[in-house]
Amino acid sequence: MKKFSKNKNLDPKEDSFRRITWAEYTLPNGVIIYVGNRPGPGCESEEFLNKIDGFINVTDRLVQYPKNKSYQWFPWNEGGSPTYEAIFGVLKTLNYWVNSGEYKHIYIHCDGGTHRAVSMFGFYLRGYHPEEKEKINNS
């Protein structure tokens, strides 16, 4: 599993930075899944956002995505437990996208990129790719 991190100043007048972090995982069929924090203006390069074919949002708020990109929103309140509907929706959507041949780059995100998105990706790997467990444990 490759880990990446980018920083970009949102406003030169401010001292604040928004950090985008994600982990990249390549499935056996070549589809690349990125798991990280919420994308938005000022934190990723346009090039990165444009290569994403589909976004799965597990935050408690809707996010604006680039035009002509697929996205699904499965709300999960921070600090709460996911609903069965959200888990089922993410797993079915992700499995369909991965096996459809139309999606080569998929981004799963929550606000911080450390709990909700990672949990959903873990559910997916455990349910659909249990053979990948050793590779992940050894990363």
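**Notebook: a buried glycine, salt bridges and rings**

I looked up Gly-113 and found a relative accessibility of 13%, so Gly-113 counts as buried. Buried means under 20% relative accessible area, exposed means over 50%, and partly exposed lies in between, with a 1.4 Å probe and protein chains only.

I noted the ground rules next. This is a predicted model, where local features need pLDDT of at least 70, side-chain atom pairs count only at pLDDT 80 or more, and totals for chains, interfaces and linings use all residues. Residues are numbered from 1 along each chain as its sequence is written, and side-chain values use heavy atoms, with hydrogens and water left out.

**Entry: around Gly-113**

I placed Gly-113 in the loop between β6 and α3. Helices (H or I, at least four residues) and strands (E, at least two) are DSSP runs, numbered from the N terminus. Which residues does Gly-113 touch, not counting those up to four places away in sequence? I found Gly-36, Asn-37 and Val-118. Contact here means heavy atoms within 4.5 Å. I also checked Val-35. Val-35 and Gly-113 are 78 residues apart in sequence, yet their C-alpha atoms are 6.8 Å apart in space.

**Entry: the whole chain**

I counted four helices and six strands in the protein chain. From the N terminus, the order reads β-β-β-α-β-β-α-β-α-α. The chain has 139 residues, and 42% of them count as buried.

**Entry: salt bridges**

Side chains of opposite charge can pair when their charged atoms come close. I found four salt bridges in the structure. A salt bridge is a side-chain nitrogen of Lys or Arg within 4 Å of a carboxyl oxygen of Asp or Glu.

I started with Arg-38 and Asp-111, whose side chains meet at 2.9 Å, N to O. This pair links distant parts of the chain, 73 residues apart. Arg-38 sits in the loop between β3 (32–37) and α1 (46–51), and Asp-111 in the loop between β6 (105–110) and α3 (116–128). Arg-38 has 23% relative accessibility, so Arg-38 counts as partly exposed. Asp-111 is buried, at 14%.

Asp-111 also meets Arg-61 in a salt bridge, at 3.2 Å, N to O. Those two are 50 residues apart, with Arg-61 in the loop between β4 (54–57) and β5 (70–73). Arg-61 is partly exposed, with a relative accessible area of 43%.

Arg-116 bridges to Asp-111, with the closest N and O atoms 3.4 Å apart. Is Arg-116 buried or exposed? I read 5% relative accessibility, so Arg-116 counts as buried.

Which residues make up the network of salt bridges? I listed Arg-38, Arg-61, Glu-78, Asp-111 and Arg-116.

**Entry: strand β4**

I looked along β4. Gly-54 and Ile-56 point one way, Phe-55 and Asn-57 the other way, and all are buried. β4 runs parallel to β5, joined by four bridges. Two strands pair if DSSP finds at least two bridges between them. Gly-54 stands opposite Ser-70 in β5. β4 also pairs with β6 in the parallel sense, over four bridges. There, Ile-56 has Ile-108 as its bridge partner.

**Entry: aromatic rings**

A pair of aromatic rings is described by the distance of the centres and the angle of the planes. I found eight aromatic pairs in the structure. Rings of Phe, Tyr and Trp (its six-membered ring) pair if their centres lie within 6.5 Å; planes under 30 degrees apart count as stacked, over 60 as edge-to-face and the rest as tilted.

The rings of Phe-55 and Tyr-107 have centres 6.2 Å apart and planes at 65°, so this pair is edge-to-face. Phe-55 lies in β4 and Tyr-107 in β6, 52 residues apart. Both are buried.

The rings of Tyr-124 and Tyr-128 have centres 5.2 Å apart and planes at 25°, so this pair is stacked. Both lie in α3, four residues apart, about one turn of the helix. Tyr-124 is buried at 0% relative accessible area, whereas Tyr-128 is partly exposed at 28%.

I ended with one aromatic cluster: Tyr-34, Phe-48, Phe-55, Tyr-65, Tyr-71 and Tyr-107.
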